[in-house]
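Student: I have a structure open and want to learn how to read it. Can we go through it step by step?

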Amino acid sequence: MLGSVPLTPKALEDYRSVIGDEHVEEIRSLAEPLKDARVLHVNATSFGGGVAEILMTLVPLMQDIGLQADWQVIRGTDEFYQVTKAMHNSLQGMFFDWTPEKRDIWLRQNEANAELFDERYDFVVIHDPQPAALRTCVRERDAKLADGKWIWRCHIDLTDAQVEVWEILKPYLNQYDGAIFTAAEYIKDDLLGPQRFVVPPAIDPLSPKNAELDAATSQDILHRYGVDHERPFITQISRFDPWKDPLGVIEVYRIAKRDFPELQLLLIASMAHDDPEGWAWYEKTVRRAGEDFDIHILSNLNGVGNLEVNAFQRTAKVVIQKSVREGFGLVVSEGLWKQRPVVAGRVGGIPLQLIDGVTGYLVSTTDECADRVIDLMRDPALANRMGQTGREFVREHFLITRYLRDYLRIFRTLSSIDPPAELAYGEGEARAK
Amino acid sequence: MYGTLALQPKVLDEYRKISGDAAIDEIKRLAAPLEGLRVLHLSVTAFGTGVAELLNSAVPVLSDIGLSCQWQVVRPTEEFASCSKALYRSLAGISKEWSTQLSETWLGYSRMNAELLTEEFDVIVVHDPQPAAIRSFVSEEARRKTRWVFRSHLDLSDAEPAGWLALREHVKDYDAIVFDAAAFVRDDMPDVPLSIIPPAIDPLGPRNMELPRNTIENVLMSYGIDPQRPLICQLSPCDPAADFLGCIDIYDQVKQDVPDVQMALIAANPPEDPPSIEHFDEAVRRSMEYVDVHILRGTNEVGNVETNAFQRASSVVVQKGLRKGFGIWISDAQWKERPVVTAASGGLSHQVIDGVTGLIANTIDEFAGGITRILFDPQLARRLGEAGHHHVQENFLLPRFIIDELRLLGALVGTAR
C-alpha cells in the first residue's frame with residue numbers, strides 16, 4: 001500500500017449544534033445508499049498545507065457516517081518533489097522549462113506508486129497533479145484495481161496554467177470519471193473526459209483553529225507573544241510573497257495609525273524551509289517594519305500554531321487579507337467565522353466568501369484598504385454587525401459539513417444513484433446576493 | 001549582513017516573580033560592564049529546534065539589559081542545506097556519508113557566507129556546525145577584533161571521524177567552545193577554552209502559560225482524545241531514536257493493567273530521511289490497531305499553546321529515546337508538574353534524576369512498569385511532578401541561562417574592553 005496517514009476520529013453528531021438538525025439529517029440520508037462504500041483519498045503529503053487540513057477532518061467524518069474511507073500518501077524521491085513543485089507552480093502560471101526528462105521523473109514515480117496500489121475501491125479521489133497519472137498506471141498494471149469511480153480533485157487555479165504542462169497532464173486526467181474544481185472559473189474547458197464539479201474548500205468549526213476560545217485565554221496568548229491586548233490591532237495571516245502583499249499591509253497600518261495612534265499590526269507568516277522566495281519576502285517585511293515595535297511579525301518559527309491563530313483572529317479589530325492574487329483565500333472564512341469583519345482583495349475565491357459592504361469590504365488598492373479599515377475602526381457597532389453576518393454566511397456555505405455533503409452528492413451522481421448534474425456553488429452565491 | 005529575524009521585545013524584570021530577586025539582580029550586576037557589547041548569534045534557519053526557541057527568548061532579554069545583541073541566520077540554498085544536513089548526521093554519528101566532495105561544497109558556501117559579514121561585532125556566537133567554517137574565511141581583521149564562540153548543541157562524543165575532522169579544523173582557532181553538557185564533549189578537542197551551558201525553558205513563553213481547563217479539554221477532544229481518561233504523551237522529532245513503535249508496545253503493555261489508557265504521539269517535525277519516513281509509516285500502521293493511540297503532526301498544526309495543552313493534560317509524559325542533545329520539552333513538562341518517564345540518553349540524564357524528578361527506563365518493560373506505577377499511585381505522580389518542577393526551577397529556567405551567557409561574555413571580553 002501507499003504511505004499511511006494517522007487520523008483522529010470525528011463524529012458528525014458533534015456538528016449538530018453548529019449546523020442544525022436539518023443539515024445533519026440531510027447528510028445521513030445522502031450517505032444511506034453509500035454505506036460501506038470503499039473510498040480512498042490520495043495526495044502528496046499529510047504534513048501541513050490546506051489540502052491536508054481538510055482531509056484531516058473530511059476522512060474521519062466519512063468514516064463516521066458509514067463509508068469505509070481511507071487516506072494514503074504517495075511516496076516520492078527528492079527529485080520527484082522538485083519536479084512536482086515546479087509543475088504546481090507552472091500550473092498556476094509561472095514559467096518552467098519542461099523537458100521530457102522531467103516528465104519521465106513524474107511518470108516513473110507514478111508508476112512506482114501504482115505498484116503499491118493493491119486494493120480495489122469504489123471511489124478513489126486523487127488530489128492535485130502530483131499523483132494524477134496514477135489511474136493510468138494502475139490500469140496498465142491491473143485493470144480490475146482501477147475500475148471504481150476515480151475523481152481528480154484539483155485544488156489549484158488553472159486559469160493561467162502553462163500550456164506545455166497542462167498538455168502533459170490532460171491525457172491522464174481524461175481517464176477520470178469525475179473532476180472537482182474549487183471555483184467555476186478554474187474549470188479547464190478542454191478537459192472533456194470526466195464529469196466536472198465545483199466544490200469550494202471549507203473550514204472545520206470544531207478544530208483548534210476555529211473552535212470557541214474564551215476571551216481571557218486569547219488575551220493571555222497575545223500577551224505571551226508580546227502583543228498589548230489592551231490596544232487595538234489588525235492582522236493578516238498568510239504566506240509572505242508578493243501576491244499576499246505584506247508590504248502593502250504595513251502601509252495600510254501606517255495610514256490607519258495616523259487616525260489611531262494606539263493601533264498595532266500582527267503579521268503572521270507561514271514559512272517553509274525550502275522556500276527562498278518566502279524568506280526574501282520575510283526579510284523585506286522585517287526591514288519595512290524597522291524599529292516600529294507595534295508591528296509584530298510572528299511565524300511558525302516562533303511556534304505559532306492553531307490556537308495562536310485562533311486567538312489572533314478572534315481578538316483583531318479587523319482581519320485583513322490584502323491579496324493581489326489568491327487561490328481561494330480560505331483564511332477569509334476563518335476570520336468571518338470568528339465574527340470579525342474582513343477587508344480583503346477582490347481576487348481569486350475571496351469574492352465568493354465575502355459580501356462587499358455586508359460582511360466586510362472588497363478592495364483593490366492600498367488606499368482603499370486603509371480607508372475601509374479606518375471606517376471599521378471608527379464604527380465598532382458596524383464592525384460587529386458585519387462580523388455576525390459573516391459568521392452566518394460561513395455557517396451556510398463554508399463549513400466542512402457542506403463540503404462533506406458535496407462529496408456525497410458527487411459519489412451518488414457518479415454511481416447513478418442521482419441523475420447526472422453539475423454541482424456548483426452557484427445556488428449559494430445567488431442566495432447571498 | 002545575514003538574514004534577520006523579527007523578535008518580540010522582552011523585559012527581564014518580568015522574570016523576577018519566578019526566579020526571584022537574587023537571580024535578576026545578579027543578571028543586572030553581570031550585565032552592567034557589558035553595556036553596549038555588540039554580540040551576534042549566528043545560526044542556520046531552524047524550526048522547532050531547541051536552539052531557535054532559546055534564542056527567541058534569550059536575545060530579546062539580553063537586549064533588554066543593555067547589550068547590543070542580534071540574531072542573524074544563514075539562509076541555505078538547497079545544495080548547502082543538504083550538505084549541512086549530511087554534516088549534522090555525520091557529527092551525530094548517524095551516517096558515514098561525509099566525503100571530501102561534501103567538504104568542498106560546505107567550504108565553498110562558507111566562503112560565500114563569510115562575505116556577508118559586513119558589520120563589526122565584539123563577539124560572534126556560532127550555533128551548531130553548519131556555519132562554523134565561516135570564521136576561516138572572514139578578513140584577518142574580523143578574526144582579530146572579534147571573539148568567536150562555537151556553540152555546539154549537538155552531542156559530538158559519537159561523531160563519525162570524517163565529519164569531526166572537517167569541523168575540528170575550522171573551530172580550532174575559536175576563542176571559546178561551549179557544549180550543552182559535559183558528556184557531549186570529545187576527548188580530542190582542540191586546545192580552546194571549554195564551557196558548559198545547559199539549555200533552558202522560558203517560563204513566560206506561550207508553551208508554559210497557564211491554560212483554563214476547558215481550553216485544554218477542547219484541544220484534546222478535537223483530536224478525538226477523551227479528557228476524562230488517562231493519557232500518555234510523547235512529543236518528539238520523528239526519527240527511529242524517538243521510537244514511536246516502541247511507544248506503542250509500551251502502550252500495549254500498560255493497557256493490560258489500565259484498560260482505558262490513551263496515548264498521543266506528537267511528531268514535532270515531518271520525518272525527513274528515509275529511515276525516519278519508514279519508521280513513521282510503520283508506526284502509523286501499528287497505531288491503527290488501537291482506537292486509543294493517536295499520532296499527531298506538528299509543523300503548522302500543533303503550535304506552542306497546543307503543545308502546552310497536551311502536556312498539561314498528560315497523566316505521564318514519556319521520552320522513549322533521543323537521537324541527540326537535550327529533550328528540553330521534558331523540562332517543559334516537569335515545569336507543569338507532570339511526572340515523566342524517559343530514557344537516559346543525552347541530556348535527559350541531567351533532566352531526570354531517577355526516582356526523584358521522574359523515572360528512568362531502559363526497556364519497554366521498564367517503561368510500561370514505570371508508567372503503570374505512576375498511574376496507580378497518585379502520590380508518586382505528585383511527588384515526581386513537584387520535584388521535577390523544583391529541578392527545573394533550579395537548573396533549567398531562562399534567567400540561569402542568561403547568567404551563564406553573561407559570565408561567558410564577561411570572561412571573553414573582560415580584559416579587552
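**Reading the two chains**

Tutor: Start with the parts list. Chain B has 15 helices and 13 strands. Helices (H or I, at least four residues) and strands (E, at least two) are DSSP runs, numbered from the N terminus. The radius of gyration of chain B is 22 Å, close to the 22 Å that the globule rule gives for 417 residues, so chain B is as compact as a globular protein of that length. That radius is taken over C-alpha atoms, and the globule rule is 2.2 Å times the number of residues to the power 0.38. Along its principal axes, the C-alpha trace of chain B spans about 65 × 50 × 35 Å.

Student: How many helices and strands does chain A have?

Tutor: Chain A has 17 helices and 13 strands. Its radius of gyration is 22 Å, which agrees with the value near 22 Å for a compact globule of 433 residues. The C-alpha trace of chain A spans about 70 × 50 × 35 Å along its principal axes.

Student: What should I know about the numbering and the kind of model?

Tutor: Residues are numbered from 1 along each chain as its sequence is written, while chains are lettered from A and ligands numbered from 1 in the order in which they are written. This is a predicted model: local features need pLDDT of at least 70, side-chain atom pairs count only at pLDDT 80 or more, and totals for chains, interfaces and linings use all residues.

Student: What does chain A average in pLDDT?

Tutor: First the term: pLDDT is the predictor's confidence in each residue, from 0 to 100. Chain A averages 92, and 97% of its residues score at least 70. Over residues 426-433 of chain A the pLDDT is below 50. Beyond near neighbours in sequence, that stretch has 5 contacts in the model. Where pLDDT is low, the predicted coordinates should not be read in detail. Chain B averages a pLDDT of 92, with 97% of the residues at 70 or above. The model scores ipTM 0.89 and pTM 0.91.

Student: How many residues of chain B are in contact with chain A?

Tutor: Two residues are in contact if their C-beta atoms, placed from the backbone, lie within 7 Å. Here 39 residues of chain B are in contact with 41 residues of chain A. Several elements give two or more residues to this side of chain B, among them strand 1 (3-4), helix 2 (50-64) and helix 9 (274-287). By class, this side of chain B has 16 nonpolar, 16 polar and 7 charged residues. Ala, Val, Leu, Ile, Met, Phe, Trp, Tyr, Cys and Pro count as nonpolar, Asp, Glu, Lys and Arg as charged, and the others, Gly among them, as polar.

Student: Into which domains is chain A divided?

Tutor: Domain bounds come from an automatic or database domain assignment. Chain A is divided into domain 1 (3-202 + 399-432) and domain 2 (215-397). Their centres, taken over C-alpha atoms, are separated by 30 Å. The contact takes 14 residues from domain 1 of chain A and 12 residues from domain 2 of chain A.

Student: And where are the domains of chain B?

Tutor: Chain B is divided into domain 1 (3-200 + 397-413) and domain 2 (213-395). The C-alpha centres of these two domains lie 29 Å apart. In their contact, 12 residues of domain 1 of chain B meet 14 residues of domain 2 of chain B. The domain 1 side has 6 nonpolar, 3 polar and 3 charged residues.

Student: How do I read a pair of packed helices?

Tutor: Two packed helices are described by the angle between their axes and the distance between the axes. Axes are lines fitted to C-alpha atoms, for helices over the stretch in contact, and angles run from 0 to 180 degrees between N-to-C directions. Helix 7 of chain B and helix 10 of chain B pack at about 100°, with their axes 9 Å apart. They are therefore roughly perpendicular to each other. Angles under 35 degrees count as roughly parallel, over 145 as roughly antiparallel, 65 to 115 as roughly perpendicular and the rest as oblique.

Student: At what angle do helix 8 and helix 9 of chain B cross?

Tutor: Their axes cross at roughly 20° and come within 8 Å. That makes helix 8 of chain B roughly parallel to helix 9 of chain B. Residues in the contact include B:Phe244 of helix 8 and B:Phe280 of helix 9.
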